[in-house]
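Let's walk through this structure together, moving from one end of the chain towards the other.

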Amino acid sequence: MKEQILAVQRMQDYISENLGEAISMEELAAVSMFSPWHSYRIFRQYTGLTPADYIRRLRLSRSALRIRDEGCSITEAAFDACFGSPEGYQRAFFKEFGCNPGEYAQNPIPIGLFIPYGAKYRELISETFNEEENMKVTISRVTKPARSVIIKRGIAAKDYFEYCNEVGCDIWGLLTSMKSISHEPVCLWLPEEYRKPGTSEYVQGVEVLSGYDGPIPDGFDIIDLPEAEYLMFCGEPFEEENFCQAINTVQKQLEEYDPSELGLKWDESNPKIQLEPIASRGYIEMKAVKAR
């Protein structure tokens, strides 16, 4: 992998770890191991943003989730996000999301949160990968309640990468801003009965309570899913650079697994579920089952 990409990743990691502190270009240059000028240039090249814009957008997005989930005051959110005043913070928040933070606290409408994909991650998605040796996969039974799912359909996508090409990876920021009964967005492989003509099998969305009557972003649909039992396949925690191998290992285990030893069979009438690959918890997929 190019040294420049690794340098940008180090800068991104440093920003994430020090987001509540003042961050200078000199500090970023020190972790990148390039000059400030060159560090600035490659950061913009691989992220599409200047370091200052990247930091500002990330601080605003993190603060939006705090306002939504922790109920912190606007003043606290402003100073924790390193803004000089609540007024400056409110102006920046409105410019970024199209609503002011007080309104969002009272009515957390879907907003486009900034999701900071790592430079190293972007490079890895084009690489081939093999099964990760010696990675254990844990299988457990879980019951998903009857629920609705607000989804964004693609065109012909059958997996994450195709979906990103059709819809764009930034959709994850909008989904993350929406309150979910499962506390995070989900990716689904839809059975035929839930698809519309000319739309994708693979979609992303947010699980909400059945009978949901809140806002639905433009271009989204809502589907209703019944209560269903799932087998959850969870891999071990992994290093970020090994995320492709971690995904491949879990998917291979799922494809080869025979649920008949549990007195079950696959239930193809319910969507298969994919959760965001998070290195600290391992990669997770779930597939519905029913009694034989």
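Please keep in mind that the model is predicted.

Begin with helix H1 (residues 3-17) and helix H2 (residues 25-32), whose axes are 8 Å apart and meet at an angle of about 130°. Angles from 65 to 115 degrees count as roughly perpendicular and those over 145 as roughly antiparallel, so H1 and H2 are oblique to each other. Their crossing is right-handed. On the H1 side, the residues that meet H2 are Ala-7, Arg-10, Met-11, Tyr-14 and Ile-15, and their partners in H2 are Met-25, Glu-27, Leu-28, Val-31 and Ser-32. By class, this contact has seven nonpolar residues, one polar and two charged.

Moving on from H2, you reach Met-33, in the loop between H2 and helix H3 (36-47). Have a look at its backbone: phi is positive, about 70°, although Met-33 is not a glycine. With 64% relative accessibility, Met-33 counts as exposed, because the cut-off for that class is over 50%.

The next stop is another helix pair. Helix H4 (residues 51-70) packs against helix H6 (residues 86-97) at an angle of about 95°, with 10 Å between the axes. H4 and H6 are therefore roughly perpendicular to each other. From H4, Arg-56, Arg-57, Leu-60, Ser-61, Ser-63, Ala-64 and Ile-67 take part, and they meet Tyr-89, Ala-92, Phe-93, Glu-96 and Phe-97 of H6. Seven of the residues in this contact are nonpolar, two are polar and three are charged.

At 0% relative accessibility, Leu-60 is buried. Setting aside neighbours within four places in sequence, Leu-60 is in contact with Phe-83, Tyr-89, Ala-92, Phe-93, Glu-96 and Phe-97. Its C-alpha atom is 15 Å from that of Leu-49, which is eleven residues away along the chain.

Now return to His-183. A relative accessible area of 75% makes His-183 exposed.

Further along, Thr-199 sits in the loop between strand S3 (186-189) and S4. Is Thr-199 buried or exposed? Its relative accessibility is 15%, so Thr-199 counts as buried, the limit being under 20%. The side chain of Thr-199 reaches the backbone oxygen of Lys-196 at 2.6 Å. Not counting residues up to four places away in sequence, Thr-199 touches Arg-153, Gly-154 and Ile-155.

The tour ends in strand S4 (residues 202-209), at Glu-207. This residue is buried, with 1% relative accessibility. Which side chains does the side chain of Glu-207 meet through polar contacts? One is Lys-144, at 3.0 Å, and another is Ser-182, at 2.8 Å. Beyond neighbours within four places in sequence, the contacts of Glu-207 also include Arg-147, Ser-148, Val-149, Lys-179, Ser-180, Ile-181 and Val-186.

Conventions:
Residues numbered from 1 in each chain as written. Predicted model: local features only at pLDDT ≥ 70, side-chain atom pairs only at ≥ 80, totals over all residues. Heavy atoms only, no water. Helix = DSSP H or I, 4+ residues; strand = E, 2+ residues; numbered from the N terminus. Buried < 20%, exposed > 50% of the residue type's maximum accessible area, 1.4 Å probe, protein only. Polar contact = N/O pair within 3.5 Å; in protein donor to acceptor, adjacent residues only side chain to side chain. Contact = heavy atoms within 4.5 Å. Axes fitted to C-alpha atoms, helices over the stretch in contact; angles between N-to-C directions. Parallel < 35°, antiparallel > 145°, perpendicular 65-115°, else oblique. Left-handed = near helix turned anticlockwise from the far one by under 90°. Nonpolar A, V, L, I, M, F, W, Y, C, P; charged D, E, K, R; others polar.
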